[in-house]
Amino acid sequence: MAFNFDECIERRHSDSYKWQKYAGQDVIPLWVADTDFRSPPCIIEALRARVDHGVFGYGMSPTALGDIFIERMRERYQWDIKVEWLVFLPGLVSGLHLAVRALTEAAEAVVIPNPIYPPFRAAARSAGRQQRLAPMRLANGRWCVDFAGTDPALAGDERLLMLCNPHNPGGTAYRREELMQHLAFTQQHDLLVCSDEIHCDLLLTPGLRHIPFASL
Ligand SMILES: Cc1ncc(COP(=O)(O)O)c(C=O)c1O
């Protein structure tokens with residue numbers, strides 16, 4: 001399907017958080033992953049049909065979506081998953097909050113790469129969990145977690161490692177050996193992992209393939 005990416009859609013007068021944040025200032029708001037492109041017709045038509053129906057009671061979990069997701073994981077990553085592993089959530093950030101609250105006790109800490117997309121740290125903060133910051137280091141043009149530099153920050157009460165792959169803001173699409181370093185770190189410190197892979201389809205390096213952390 002051809003798509004007109006040159007069409008400018010004015011959002012300044014809408015409730016858009018992205019555009020309202022710097023309203024009235026000479027700022028082009030590129031601070032958040034919120035594009036100004038119109039959604040594809042198939043999405044708009046499906047939403048319109050749902051709205052035209054006019055009754056918005058409780059819906060069921062979409063079974064077809066589970067099957068599509070399983071097939072996509074198998075086809076793209078040779079990763080076999082089971083439908084009972086899937087939990088549909090309204091967005092990824094709610095998943096970060098859920099993971100922190102479900103997987104750690106009040107006295108346990110969360111290891112979080114730094115810098116990182118702010119909601120990771122907000123999830124730990126709002127749950128009242130201690131944060132141990134794992135510094136990101138630039139080496140050979142890649143921002144990666146400096147695990148040796150992380151060890152001094154640990155106190156032994158850590159339970160969960162937050163992983164952002166590809167990393168925001170570093171842009172790093174982690175390679176297998178880098179993910180294996182994460183795995184070794186988590187095994188060494190007996191950590192669970194919360195892996196945010198929302199940007200896995202945005203790989204810009206030809207031939208590079210995303211590796212779901214859980215597939216290791
Ligand atoms: C790493 C990362 N996770 C999550 C999100 C947002 O996820 P959602 O809108 O599904 O809560 C973003 C948006 O920029 C992001 O960069």
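In this predicted model, the side chain of glutamate 197 makes a polar contact, at 2.6 Å, with the side chain of serine 195. Glutamate 197 is buried and yet has no salt bridge, the nearest side chain of opposite charge being that of arginine 72, 11 Å away.

**Around glutamate 197**
- Glutamate 197 lies in the segment that comes after strand S5 (192–196).
- Leaving aside residues up to four places away in sequence, glutamate 197 touches Asn165, His210, Ile211, Pro212 and Phe213.

**Nonpolar cores**
- The largest nonpolar core has 16 residues, and those with the most contacts inside it are Val111, Val145, Tyr174, Leu179 and Phe185.
- At least two residues of this core are supplied by each of strand S2 (130–139), strand S3 (142–145), strand S4 (158–164) and helix H7 (176–189), with H7 giving the largest share, three residues.
- Phenylalanine 185 touches Val111, Phe147, Thr150, Asp151, Leu154, Leu161 and Leu191, again not counting residues up to four places away in sequence.
- Another core, of 14 residues, lies apart from the largest one and includes Leu96, Ile116, Ala127 and Cys194.

**Helix H2**
- Helix H2 (residues 41–53) has 13 residues and reaches 18 Å from its first C-alpha to its last, which is close to the 18 Å expected at 1.5 Å a residue.
- H2 is hardly covered, as the count of buried residues among its 13 residues is zero.
- Glycine 54, which follows H2, has a positive phi, near 85°.

Key: Residues are numbered from 1 along each chain as its sequence is written. This is a predicted model: local features need pLDDT of at least 70, side-chain atom pairs count only at pLDDT 80 or more; totals for chains, interfaces and linings use all residues. Side-chain values use heavy atoms; hydrogens and water are left out. Helices (H or I, at least four residues) and strands (E, at least two) are DSSP runs, numbered from the N terminus. Buried means under 20% relative accessible area, exposed over 50%, partly exposed in between (1.4 Å probe, protein chains only). Lys and Arg count as positive and Asp and Glu as negative; His and the chain ends are not counted. A salt bridge is a side-chain nitrogen of Lys or Arg within 4 Å of a carboxyl oxygen of Asp or Glu. A polar contact is a pair of N or O atoms within 3.5 Å; within protein, one must be able to donate a hydrogen and the other to accept it, and residues adjacent in sequence count only if both atoms are side-chain atoms. Contact means heavy atoms within 4.5 Å. A nonpolar core is a set of buried Ala, Val, Leu, Ile, Met, Phe, Trp, Tyr and Cys residues joined through side-chain atoms within 4.5 Å. The expected span of a helix is 1.5 Å times one less than its number of residues.
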